[in-house]
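Open the model in your viewer and keep the sequence panel beside it. This tour moves from stop to stop, with something to select at each one.

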Amino acid sequence: MNNLKILFLGLCLIATTKPDAEFWNSMAQENLKRVLQKQWNTNIAKNVILFLGDGMGISTVTAARIYKGQQQNKTGEEAKLAFEEFPEIGLVKTYSVDEQVPDSAGTATAFLCGVKAQSGVLGLDDTATYKNCSSSIGAEVDSILRMSKQKGKSVGVVTTARLTHATPGAAYSHSASRGWEGLSNMEGVESQCTDIAYQLVMNNSDIDVLMGGGRRFFLSMNKTDPELNRTSSYQRWDLDLVDEWLRRKQEENVSHSYVWNNEGFNAINPQTTDYVLGLFESSHMQYEYQRDTGPKGEPSLAEMTQKAIEILGRNDKGFFLLVEGGRIDHGHHASQAAVALSETVMFDKAVQVAKEITNDDDTLLVVTADHSHAFMMAGYPSRGNDILGVVDTEIGEDDMPYTTLTYGNGPQQRRNLTGIDTTAFTFRQSGVVPLGSETHAGEDVPVYASGPMSHLFVGTHEQNYITHVLAYASCVGPYPGRCAVPPVSTIGSATSGSVISFLLLSISFFLCWL
């Protein structure tokens, strides 16, 4: 009863404040109403899309939100990213079994395979040791992609990084080193361990859609890269994996397409194409601000996401899709905040596309990060101050201006910024500790969710928990039995009390105004 009195007093205080508070009061009241009326969607997730912003910690989300708003000529702070509209949010602990601050391989193994592992390893449990080939034998674990495929679903991987890089690699490979991307990286490694590109084509050619970079690890030394017009030292001397992929699809007599530029990508008919291998760069795909949109250029992450969903969505049993904004991380490592934020906004556009062409009733959308970065937003800049600019209210005690966005470490040390364009993509924010490359950070990362069983993400969880929710929601892997229960959207356990609370709130507002 005392709590109820406090609630009523607080509501009366809100109701009697001066008129210029009406905007904030109305906003909060609408949000409260929305939360009180929230229902839990307990449907079966026919489709699951996991969006992974590599290095997209909370500080990056906040800065990208403001950056997005300012790109629309607003002050920015009031803007929202598409995934911030999702109804459920939680926090994820990112440490690996051997490091407080993790890398992208151990984290990818956690959120894709359901077990925590050592940093640097892919698709292996924590009995495997980094760079120890023999330790990987018997330590293999299945990913949510493989669990979904085993249930007859279509599956896909879309990334702006190399397809053999850490995040996508954990979806299909088992490797004691994330660095074993191609044959050229395997010198001195025992023969029973094969490179990640080889595993993708030779052991996982049933993946329906594969789009990203990393062409150099697939092409034979006998071939000239079509974009570079030369060979690369990373190319293979055993076989051409692109030719091998094409041969297998021809033998299977399925509709397929290998593409390496926009011309080929745009020619893919998603209604008649069953399998796609897209390798759009020799290494990572271009940063969004540099991307060539012409016929010989490459598609955006949003465009790849849409085409992947259109292809995979033809399967009546549903699909699993992994979408990685892989180059957010690279912008941060270079201490180039403008690049990282630009990549985050493109990642957000991919999420928006998925929201628009899927249905909450049967599609679980999850957005998260593998780890954060030593990236911070500090000082006391004025509302609407350029997020990439210098703080407009003060200078440092060294009589030099400083940027709102800074790094805890990295390749660029503090210097006088007078006359320097801090908003340029090439500008590097300063770091406190001098290092050749800015590092990851160890704080929790957010997870945003919408669709069937999305409420299971609320709270603070270990990173490997993500796989288990995805599997449970879609009835794959260790959770097939859930599909035996007829799907129904139910109200959460506290809903009846919430409805009563909402009615009491409404009455209290009325009484306060009398």
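Two strands count as paired if DSSP finds at least two bridges between them. The model you are looking at is predicted.

**Stop 1: the sheet**

Select strands S10, S11 and S12. They form an open sheet of three strands in the order S10-S11-S12, with mixed pairing. S10 and S12 (431-434) are the edge strands, each pairing on one side only. From one strand to the next, the twist averages 20°.

Now zoom in on S10 and S11. These two run antiparallel and are joined by three bridges. Pick methionine 377: opposite it stands leucine 405 in S11.

**Stop 2**

Is asparagine 385 buried or exposed? Its relative accessible area is 17%. Buried means under 20%, so asparagine 385 is buried. Show its surroundings: asparagine 385 touches Gln70, Glu77, Val390, Val391, Asp392 and Thr404, leaving aside residues up to four places away in sequence.

**Stop 3: helix H12**

Select H12 (residues 337-357) and find serine 342 within it. Serine 342 is buried, with a relative accessible area of 10%. Which residues does serine 342 touch, not counting those up to four places away in sequence? They are Tyr67, Glu288, Tyr289 and Phe425. Then pick glycine 331. It is eleven residues from serine 342 along the chain, and their C-alpha atoms are separated by 9.1 Å.

**Stop 4: helix H13**

Move on to H13 (residues 465-474). Seven of its ten residues are buried, so the helix is largely enclosed by the rest of the structure. Color the buried ones: Ile466, Thr467, Val469, Leu470, Ala471, Ala473 and Ser474. Step past the end of H13 to cysteine 475, where phi is positive, near 60°.

**Stop 5: a patch on the surface**

Finish on the outside. Select phenylalanine 23, in helix H2 (residues 22-36). Phenylalanine 23 has a relative accessible area of 51%. Exposed means over 50%, so phenylalanine 23 is exposed. Together with Phe23 they make a nonpolar surface patch of about 370 Å².

Key:
Residues are numbered from 1 along each chain as its sequence is written. This is a predicted model: local features need pLDDT of at least 70, side-chain atom pairs count only at pLDDT 80 or more; totals for chains, interfaces and linings use all residues. Side-chain values use heavy atoms; hydrogens and water are left out. Patches are made of residues with over 30% relative accessible area and no salt bridge: like charges are joined within 9 Å, nonpolar side chains (Val, Leu, Ile, Met, Phe, Trp, Tyr) within 5 Å. Accessible areas come from the Shrake-Rupley method with a 1.4 Å probe; for residues, only the protein chains shown count as cover. A salt bridge is a side-chain nitrogen of Lys or Arg within 4 Å of a carboxyl oxygen of Asp or Glu. Helices (H or I, at least four residues) and strands (E, at least two) are DSSP runs, numbered from the N terminus. Buried means under 20% relative accessible area, exposed over 50%, partly exposed in between (1.4 Å probe, protein chains only). Contact means heavy atoms within 4.5 Å. Axes are lines fitted to C-alpha atoms, for helices over the stretch in contact, and angles run from 0 to 180 degrees between N-to-C directions.
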